[in-house]
Amino acid sequence: MGISPKEEKFINNLQQEIIEYLELNDDRSFSVNQLHKAFAIRDRKTKEIYSDVVSRLVREGRLLKQADGNVRVDTDSFMVEGRVDHVNARFAFIVRDDAEKDIWVSTQDLYDAKDGDRVRVQARKSSNKKQDRPEGEVVEILERRSAELVGVLQVTPGYSFLIPDSKKIYEDIYVNRYETMGANHLDKVIVEVLRWATPGKKAEGRVVKVLGKAGENETEMHSILAEYGLPYEFPEAVEDAADAISVTIPKDEIKKRKDLRKILTFTIDPIDAKDFDDAISYQVLKNGNTEIGVHIADVSHYVKPGSILDQEAYKRATSVYLVDRVVPMLPEKLSNGLCSLRPNEDKLTFSAIFEFNEKGAVVKEWFGRTVIHSDRRFAYEQAQELIEHTGEVTDSYEPIIKHLNQFAHILREARFKTGSVNFETAEVRFELDEAGKPIAVHPRIRKDAHKLIEEYMLLANKKVATFVHEMRQTDPRNTMVYRVHEAPDPEKLRVFSTFAKKFGYQVTTEPKQVSHSFNALMEAIEGKGEEHVLQSLAVRTMSKARYSTDAVGHFGLAFPFYSHFTSPIRRYPDVMTHRLLQHYLDGGESPQRAPLEIQCKHSSDREKLAADAERASIKYKQVEYMSLHEPQEFDGIITGVTEFGLFVEIGDTSCEGLVRMVDLNDDFYDLDKENYRIVGKSNGRVFTFGDKVKVKVRSTNLAKRTIDLEMIGMRNSNGYANNRERKRDMPRGSARNSKVIPRGKRRR
């Protein structure tokens with residue numbers, strides 16, 4: 001017979017009391033009788049209860065039982081929860097919910113947990129004195145990431161099996177020949193796992209969806225979405241709810257809002273954009289100041305809390321941007337229609353309006369619901385032409401955009417002076433043919449037009465967050481959804497500083513000087529061979545931005561308060577921000593934080609999944625592009641040095657491939673971990689981070705999204721003309737037993 005909730009609560013309280021007592025006396029151990037005396041227990045029944053509780057704590061591993069029978073608190077081990085990151089077949093990391101150091105777990109101690117599962121782990125200090133990362137073993141699987149896997153189906157006459165696309169699933173799934181849904185050999189499919197592998201038995205599953213022939217663009221993009229558990233179509237009921245919304249704006253709704261339809265307003269977006277969720281208005285005031293409005297689609301007017309549209313938007317939490325498509329958070333009727341600030345249409349918006357003086361300083365601000373009418377749509381390229389134009393003015397918008405750009409420069413300079421970090425990460429744009437195959441890869445170049453819009457969006461996000469925080473001057477402050485970004489982990493920063501020093505650059509680890517030091521580094525490496533390497537590693541050194549109700553600030557932007565307000569069409573936290581802001585403008589009381597914090601955590605998790613899917617689609621197209629250029633020669637730069645080979649990034653394409661150690665057949669090479677290089681045993685040839693090399697494509701594997709390269713030449717970034725000169729400068733000895741040098745710490 002089970003125990004009642006009341007009895008369970010009593011036992012849990014008793015357990016906590018015993019543990020707390022032993023923690024206060026962690027310098028000694030106790031017998032059960034000594035615990036009875038410590039708690040002044042005299043009657044037989046209560047002694048039995050205490051004895052049972054102690055035995056239970058020992059079984060659960062929360063107390064240690066010694067050879068003499070005494071017990072003590074286990075100060076070296078602890079219980080944590082987190083998500084499995086199964087990095088290779090031998091071991092995994094448990095990324096902890098509390099954001100502390102990850103737990104190392106060998107595969108045999110995973111308790112059948114798979115990549116992405118949430119688990120409870122019994123952790124302890126590492127037995128390796130050189131390793132400060134805790135070790136542990138999974139004791140319970142709390143939540144499976146998904147029972148569905150995507151991959152290629154191998155069909156034989158008697159049975160089939162799935163080879164998963166995910167590089168972090170290390171077993172094939174057996175599929176009965178009657179459970180294939182008619183899929184053909186080498187089709188991409190989704191398989192529901194019915195039973196995971198156990199000793200002596202393979203995992204079993206059944207096909208639940210046939211995606212199509214492997215290698216076809218539509219199949220591969222859908223399979224990437226499925227791999228990360230992301231939807232690619234809306235339920236019919238959600239589409240019906242969107243279709244039912246009237247396209248006419250009621251007159252009584254306009255009366256509730258500030259009417260800005262007569263003020264000059266326009267949008268600046270990518271040339272191929274379909275949804276326009278932000279617009280800029282501009283007018284010169286009678287006092288000579290300039291009023292600039294940032295107007296954002298009022299998604300919260302159409303998507304009501306608890307509605308089927310809201311439930312689906314929350315579930316998705318973000319739009320997903322793959323190479324060839326956008327998978328929107330909202331149905332097309334909303335994302336490309338009602339909420340898109342298209343030119344020559346009245347639109348409902350939420351606005352942040354700022355009055356600037358002639359020096360570009362904000363002297364007044366206003367927030368609230370509005371109605372606007374966009375007069376013109378600019379692509380970034382069109383706006384940039386007006387910014388750069390030097391001849392006679394032929395477009396009335398030219399002086400306006402130039403004035404906006406002038407203020408944007410002032411805002412940008414002020415950010416950097418107060419510690420904002422200037423990261424310009426390399427991004428690429430694919431040119432695709434009608435079948436979706438990549439025919440060209442171009443680097444994305446950010447010019448003033450892009451930065452202009454960015455600065456006004458940053459200003460609006462910062463000012464909205466600050467406004468809500470300062471509305472209530474006493475603690476607890478009003479609950480708000482913040483975009484937070486902690487300072488870098490000191491250990492990660494130290495590792496990066498040591499690495500940068502190898503290239504001759506100084507990066508301070510002093511907390512107050514980190515941002516200025518990083519900015520100086522970015523300026524110093526611009527245009528140099530090591531730029532992409534150091535830039536990429538610098539970004540990975542940073543903490544991961546996330547959503548939270550804790551106002552801990554944004555390190556990267558150097559803002560004490562920052563929210564996401566400007567993209568509610570594609571981000572659910574922006575919808576939350578709009579609702580909270582209007583609630584406070586209406587005089588509402590601060591809501592409970594706990595439910596909103598859960599929504600923040602969900603949104604952060606979904607954002608990471610979407611980013612992973614985006615990277616997977618880019619990697620697939622990079623490999624596909626390189627497969628069309630075998631065996632062409634390319635200039636590249638070494639971006640990773642490991643015991644199994646060299647990672648090389650190829651020019652402006654940002655495609656990364658591997659030169660395997662076994663293919664460097666001119667010598668045997670040792671890994672010199674401390675100096676981030678490999679060294680030839682006989683010829684003394686050296687390959688190190690940042691070296692410029694010439695490579696050609698040896699082979700590509702679209703299924704695994706990998707590129708194998710062949711080394712055909714080298715020009716060292718330090719200017720060595722040949723390997724003989726290089727050898728004379730080498731220190732003696734090499735680190736033969738060194739382990740893999742990661743290409744940057746894993747993102748968290």
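Reply: Happy to. Let us begin with helix 4 (residues 217-227): 10 of its 11 residues are buried, so this helix is largely enclosed by the rest of the structure. Buried here means under 20% relative accessible area, exposed means over 50%, and partly exposed lies in between, with a 1.4 Å probe and protein chains only. Helices (H or I, at least four residues) and strands (E, at least two) are DSSP runs, numbered from the N terminus.

Before going on, a word on what you are looking at. This is a predicted model, in which local features need pLDDT of at least 70 and side-chain atom pairs count only at pLDDT 80 or more, while totals for chains, interfaces and linings use all residues. Residues are numbered from 1 along each chain as its sequence is written, and side-chain values use heavy atoms, with hydrogens and water left out.

Back to helix 4. Its buried residues are Asn217, Thr219, Glu220, Met221, His222, Ser223, Ile224, Leu225, Ala226 and Glu227. The cover over them includes strand 8 (148-155), strand 11 (187-195), strand 12 (203-213), strand 17 (320-322), strand 18 (325-327) and helix 17 (593-627); contact means heavy atoms within 4.5 Å. Just after helix 4 comes Gly229, with a positive phi of about 70°.

Most residues other than glycine have a negative phi, and most peptide bonds are trans. Ala317, in the loop between helix 8 (308-316) and strand 17, has a positive phi of about 70° although it is not a glycine. Ala317 is also buried, with a relative accessible area of 2%. Leu186 sits in the loop between strand 10 (173-176) and strand 11, and its phi, near 75°, is positive too. At a relative accessible area of 38%, Leu186 is partly exposed.

Next, the empty space. Rolling a probe the size of a water molecule over the atoms shows where empty space is left. The structure holds two cavities of 30 Å³ or more. On a 1 Å grid over the protein atoms alone, a cavity is a set of points where a 1.4 Å probe fits but cannot get out, and its lining residues have an atom within 4 Å of a point. Points are joined across faces, edges and corners, and the volume is the space filled by probe spheres set on them.

The second largest cavity, with about 40 Å³ of space, is lined by Leu230, Pro231, Arg316, Thr318, Val320, Val327 and Pro328. That lining has five nonpolar residues, one polar and one charged. In this count, Ala, Val, Leu, Ile, Met, Phe, Trp, Tyr, Cys and Pro are nonpolar, Asp, Glu, Lys and Arg are charged, and the others, Gly among them, are polar.

The largest cavity contains about 50 Å³. Around it are Asn405, Ala408, His409, Arg412, Asp448, Lys451, Leu452 and Glu455. Helix 11 (398-417) and helix 12 are the elements that give two or more residues to this lining, which divides into two nonpolar, two polar and four charged residues.

Leaving out residues up to four places away in sequence, Leu452 touches Ile268, Ile387, Ile401, Leu404, Asn405 and Ala408.

One last stop is Arg257, in the loop between helix 6 (251-255) and strand 13 (258-259). Arg257 is buried, at 7% relative accessible area. Its side chain and that of Glu253 are joined by a polar contact of 2.7 Å, meaning a pair of N or O atoms within 3.5 Å; within protein, one must be able to donate a hydrogen and the other to accept it, and residues adjacent in sequence count only if both atoms are side-chain atoms.

Conventions. On a 1 Å grid over the protein atoms alone, a cavity is a set of points where a 1.4 Å probe fits but cannot get out, and a pocket is an open set with protein on both sides within 12 Å along at least five of seven lines; lining residues have an atom within 4 Å of a point.
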